Amino acid sequence: CAGHIMPLLYNGTVFCFTSLHRNHVTGGRCSSKATITGKTVVITGANTGIGKGTAQELATRGGRIIMGCRDMEKCEAAAKEIRGNTLNPHVYACHLDLASMKSIREFAEIIKKKEQRVDVLINNAGVMRCPAWKTEDGFDMQFGVNHLGHFLLTNLLLDKLKESAPSRVINLASLAHIVGKIDFEDLNWEKKKFDTKQAYCQSKLANVLFTRELAKRLQGKSTGCCICGHVWEGVRPMFLFVIGHWIYIFKTMLCVRVCVRV
Ligand SMILES: NC(=O)c1ccc[n+]([C@@H]2O[C@H](COP(=O)([O-])OP(=O)(O)OC[C@H]3O[C@@H](n4cnc5c(N)ncnc54)[C@H](OP(=O)(O)O)[C@@H]3O)[C@@H](O)[C@H]2O)c1
């Protein structure tokens, strides 16, 4: 019996500590009740995951939401679901394949022609740890989609964002950027053995560097740029007990929210 008490005490203490400090460490849940009626948000990769959750939340707050996704069937279905859940009819699906410069240019043209303003651009789409795939234009898939695609899209929409000031660009980075290295001699993994983990980290570091530079260049232009370093996806209490709270602790300790604002 005594053998069980120590681990129980230890686990209990760590669990209480991390629960109490969760908000501090992760940045907590957004408590703002702000609405965004009249504002247009463009969000990439919004048919699933964080992108879909963000699109739904912003639609609830009254925004006009343009979801840019590569699979139109999934995108239309997600847009329809969000419209139904939020009763906001202004949620639209639009084709965007970030692995194709042609598709990015076409998407940007449509936005520039059809939308009166772009108040927020959320560069969310991402591929993680895929094999050594290449984009249509021959770039490493993770670098191409996660960084280059969003880099091009942001630059193509920059004038629109400036016209709509105060506006904001939000780039979804990752804590993985900490161990990332930019290999300027071989960005596309052609001279060395492909390492999918490192390729992801490199792409996420590129997100961070791009965001910092953009924030610097946009200073004084009423157009801001911020990095979302880690998004807490709301692990449910039941899940905690099922797989063991230590995973929760580990994740909580690693959650860092980096925000660069101008
Ligand atoms: N989840 C985390 O804990 C975490 C942590 C740190 C950072 N992040 C970052 O947060 C972002 C979203 O992550 P997530 O977990 O929500 O990912 P996810 O569930 O895998 O969703 C990724 C989205 O990106 C889309 N996408 C992939 N390739 C694309 C392309 N070529 N063109 C257009 N869209 C494309 C996917 O479309 P399909 O459905 O068609 O594949 C999907 O909609 C990513 O940038 C990721 O690096 C996530």
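Predicted model: local features only at pLDDT ≥ 70, side-chain atom pairs only at ≥ 80, totals over all residues.

Residues are numbered from 1 along each chain as its sequence is written.

**Confidence.** Colour by pLDDT, the predictor's confidence in each residue, from 0 to 100. The protein averages 85, and 79% of the residues score at least 70. Now select residues 232–262: pLDDT stays under 50 there, and the model has 45 contacts beyond four places in sequence for this stretch (contact: C-beta atoms, placed from the backbone, within 7 Å).

**The ligand.** Next, show the 25 residues around the ligand (C-beta atom, placed from the backbone, within 6 Å of it). Gly45, Gly49, Ala125, Gly126 and Ser174 come nearest. Which helix gives the largest share of this shell? Select residues 49–60: helix H2 supplies three residues (helices are DSSP runs of H or I, at least four residues, numbered from the N terminus).

**The helix pair.** Finally, select H5 (residues 141–163) and H6 (residues 196–217), whose axes come within 8 Å and cross at roughly 15° (axes are lines fitted to C-alpha atoms over the stretch in contact, with angles from 0 to 180 degrees between N-to-C directions). That angle makes H5 roughly parallel to H6 (under 35 degrees). Show side chains where they meet: Phe143 and Phe151 are among the H5 residues, and Tyr200 and Phe210 are among those of H6.

Terms used
Helix = DSSP H or I, 4+ residues; strand = E, 2+ residues; numbered from the N terminus. Parallel < 35°, antiparallel > 145°, perpendicular 65-115°, else oblique. Contact = placed C-beta atoms within 7 Å.
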